[in-house]
Amino acid sequence: MFNTDIKYLSFLINHNKELLKSPLWEWFHDFLREEIYQQEKQLYRIKEQELCHKLNSTETTNTISTFLSIKTN
């Protein structure tokens with residue numbers, strides 16, 4: 001789920017940044033900058049959710065507990 005969203009948003013961000021380099025799209029630059037900003041914000045949130053999901057998984061909790069030598073019930 002997260003991986004597909006991350007790839008798609010990363011593609012959009014890179015594509016829009018490429019369009020910013022083109023003089024043909026100069027009339028559209030303000031819109032593209034705003035889109036890049038919104039997409040980067042959304043990408044950050046998705047990555048944050050993915051990290052939280054991973055940290056909340058049982059496997060990660062057990063791994064962290066083992067590493068810290070904490071016994072879990």
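Trp25, Trp27, Phe28 and Phe31 are joined by ring pairs into an aromatic cluster, and this arrangement is read from a predicted model.

**Aromatic cluster**

- The aromatic pairs in the model number 4; in one of them, Trp25 and Phe28 have ring centres 5.6 Å apart and planes at 50°, so this pair is classed as tilted, an angle between the 30 degrees below which planes count as stacked and the 60 degrees above which they count as edge-to-face.
- Phe28 also pairs with Phe31, again in a tilted arrangement, with 4.8 Å from centre to centre and 40° between the planes.
- A pair of aromatic rings is described by the distance of the centres together with the angle of the planes.
- As for accessibility, Trp25 is partly exposed, with a relative accessible area of 31%, while Phe28, at 23%, is likewise partly exposed.
- Phe31, with a relative accessibility of 43%, also counts as partly exposed, because this class covers values between the 20% limit for buried residues and the 50% limit for exposed ones.

- Among the residues of H2, His29, Leu32, Ile36, Gln39, Leu43 and Ile46 are buried.
- An α-helix has 3.6 residues a turn, so residues three or four places apart point the same way.
- The cover over the buried residues of H2 includes helix H1, which spans residues 2–21.
- H1 and H2 pack with their axes 9 Å apart and at an angle of about 160°, which means that H1 is roughly antiparallel to H2, since the angle is over the 145 degrees that this class requires.
- The handedness of the crossing between H1 and H2 is left-handed.

**The chain as a whole**

- The protein chain has 73 residues, of which 21% are buried.
- Of the contacts in the protein chain with a separation of 6 or more, 46% are made by residues 24 or more positions apart.

Note on methods. Residues numbered from 1 in each chain as written. Predicted model: local features only at pLDDT ≥ 70, side-chain atom pairs only at ≥ 80, totals over all residues. Heavy atoms only, no water. Phe/Tyr/Trp six-rings, centres within 6.5 Å; stacked < 30°, edge-to-face > 60°. Buried < 20%, exposed > 50% of the residue type's maximum accessible area, 1.4 Å probe, protein only. Helix = DSSP H or I, 4+ residues; strand = E, 2+ residues; numbered from the N terminus. Contact = heavy atoms within 4.5 Å. Axes fitted to C-alpha atoms, helices over the stretch in contact; angles between N-to-C directions. Parallel < 35°, antiparallel > 145°, perpendicular 65-115°, else oblique. Left-handed = near helix turned anticlockwise from the far one by under 90°.
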